[in-house]
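Please review the structure below with attention to its charged pairs, chain interface, sheets and domains.

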2 protein chains.
Amino acid sequence: MPAQLIALDWGTSSLRAYKLGPAGVVLEQRALASGIMHLPSQPREIAGVCCSDGFELAFDAACGDWLDAQPGLPVIACGMVGSAQGWSEAAYRNTPVDVASLGQALNRVRSVRGVDVHIVPGVIEQVGLPNVMRGEETQVLGVLQGLGAEVLIGLPGSHSKWVEVVDGCITHFDTFMTGELFAVLSKHSLLGRTQQPAEHFQAAAFDRGVRVALSADGQRGVLSTLFSARTLGLTGELAPDQQPDYLSGLLIGHELAGLPGAAKHKPIILVGAAPLCTRYQRALGLCGFAHVSLAQEASERGLWQLALAAGLIQPAMEA
Amino acid sequence: MPAQLIALDWGTSSLRAYKLGPAGVVLEQRALASGIMHLPSQPREIAGVCCSDGFELAFDAACGDWLDAQPGLPVIACGMVGSAQGWSEAAYRNTPVDVASLGQALNRVRSVRGVDVHIVPGVIEQVGLPNVMRGEETQVLGVLQGLGAEVLIGLPGSHSKWVEVVDGCITHFDTFMTGELFAVLSKHSLLGRTQQPAEHFQAAAFDRGVRVALSADGQRGVLSTLFSARTLGLTGELAPDQQPDYLSGLLIGHELAGLPGAAKHKPIILVGAAPLCTRYQRALGLCGFAHVSLAQEASERGLWQLALAAGLIQPAMEA
């Protein structure tokens, strides 16, 4: 089946490439470690030119053979590839922003093989503390279809995003550094010293962490409750292999406690890696959030729709 | 002037030794890097015996010459030296605890030179989430003299403690991992990448961090506001050399926001390194805490009083 579009989800630490066919069906996909902070550096010949640019090298590794086979394929990309440290900076769009309209604001960079890469701009909120996203706006668009007028979309990760969407517009979003904090605390703090990896998910320890975050003790904030990951070990209440999931539940619980109260009554859609979304779904249940569902293939669907909006592919081709 | 007591404040990363004369006056003091996690390992002869035990080596380096000169001097020590990973475990005492009474509960370990080291027990609170201290109980005792019946004692550091004292008893305390979090975020997270050290204290950036923690944005918790240390850099509102003090103010602000509201009306005493206490004093002012003062020489005074209570030295010798 001939492809219609190459879609790249190009973040800080990874690069996912999708070859999409009619109606955006995924014909083939690849995951590379070539995030913009981990680009290849070994010079190589591309389209007859000796090339040492990391973006060109990663791009060629991700989809050079697809382009060799179908040279006219349009290419669209989202994520940190459009940041100031990326391949070509795609200026942020301000909230409130109609996510479908981002297709009219693509930035273009011409690769050494003569193919244009169309880069989706990120979104910035400048009310109160500034907040930024790159890549998540595309995932948001990718899951909106068929949803009601008001939804809250959670994108758990190193820097979890919670995005409020009203009538297809991102009206507000927050970022929580939960995943990165879990990683640095486990690797570099006192808390990591007594942790041991568990063979299985330690559900009771995770739930306990969530409940502590929601408790009266949790009101003092995460700087205070963090120390319980150590003291519950000292008092024999948490085994070393329960401590990582306790810490995970504690941090996720504090994140969810920071969501606006009104969020409890909105439909919530979770987007991201399945094991992490499952943790969040469990924690959301403990926190009393009633309407939670998981979405799949958000990036590739969003990129398809933006390419349509940009005229890179034709609606007729969807049939 | 002949000494009366050797007092050791022996923590995780450092060992402070004091030679105290009549009435506890400091005759000489030393700071070594030989905390219990950084003990020396090079074997050496002590009192005619070849010794490879890290605690013996550090103890001898800290005050061996003082003991050679006055072999009968009593020795008292507080801090992590009494933990399970220390020289000899001094079991925790439960809250509420009369801090002066800890002098009756010293643990004793005999050094290779035949001198007993008397170790002060730590304190544990087992109401709600467990909380522990080792060393701070001695500092609390050291600053209590002359204070009113109810005080709140703040001991900023890697793991800041806030200790409520009523009539000489520790009734409740909290721990905040503020200092350690600042260190691991600056060294190992995304936030550190754009930070640059400043030549001077960046007061405006620090104050801004404190105010953000107290603001409506701060209600979402530190996991959320942390990201502003990055985004305010992205939007040009925080220069690289302002980012460390912004982060410091933000974390200290969240710590202080976690203190009970009633704390605002109690006298607050800060104990610790002067530059850090000055930061906390500034932040406390911004948070509306009215009665704040700084205390000095808390450890050595507390150890002196505990040695008196234990009968290691005689009150008459104070005259």
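Over all chains of this predicted model, a search of the whole structure finds 32 salt bridges, a salt bridge being a side-chain nitrogen of Lys or Arg within 4 Å of a carboxyl oxygen of Asp or Glu. One of them pairs Arg220(A) with Asp174(B), with the closest N and O atoms 3.2 Å apart. Arg220(A) belongs to the loop between α5 (203-214) and α6 (222-225) of chain A and Asp174(B) to strand β15 of chain B, so this pair joins two chains. Helices (H or I, at least four residues) and strands (E, at least two) are DSSP runs, numbered from the N terminus.

**Conventions**
- The model is predicted: local features need pLDDT of at least 70 and side-chain atom pairs count only at pLDDT 80 or more, while totals for chains, interfaces and linings use all residues; side-chain values use heavy atoms, with hydrogens and water left out.
- Residues are numbered from 1 along each chain as its sequence is written, and chains are lettered from A and ligands numbered from 1 in the order in which they are written.

**Interface between chain A and chain B**
- Contact, meaning heavy atoms within 4.5 Å, involves 48 residues of chain B and 47 residues of chain A.
- About 3700 Å² is buried between the two chains, and carbon and sulfur atoms give 73% of this area; buried area is the accessible area (1.4 Å probe) that two parts lose on being put together, summed over both.
- Two salt bridges are counted between chain B and chain A.
- Asp174(A) and Arg220(B) meet through their side chains in a salt bridge of 3.1 Å, N to O.
- The most is given by α3(B), with six residues.
- The side of chain B that touches chain A divides into 23 nonpolar, 16 polar and nine charged residues; Ala, Val, Leu, Ile, Met, Phe, Trp, Tyr, Cys and Pro count as nonpolar, Asp, Glu, Lys and Arg as charged, and the others, Gly among them, as polar.

**Sheets and strand pairing**
- Chain A has an open sheet of six strands in the order β8-β15-β14-β13-β16-β17, with mixed pairing; two strands pair if DSSP finds at least two bridges between them.
- Its edge strands, β8 (97-98) and β17 (292-295) of chain A, each pair on one side only.
- Strand β16 (residues 268-271) of chain A runs parallel to β17(A), joined by four bridges, and Ile268(A) stands opposite Val292(A).
- An open sheet of three strands in chain A has the order β7-β11-β12, also with mixed pairing.
- In chain B, strands β2 (residues 15-20) and β3 (residues 26-32) pair in the antiparallel sense over six bridges, with Arg16(B) bridged to Ala31(B).
- β2(B) and β3(B) form a hairpin with five residues between them, and Ala23(B) in the turn has a positive phi of about 65°.

**Domains of chain A**
- The domain assignment gives domain 1 (5-135 + 300-318) and domain 2 (175-295), with bounds taken from an automatic or database domain assignment.
- The centres of the two domains, taken over C-alpha atoms, are separated by 33 Å.
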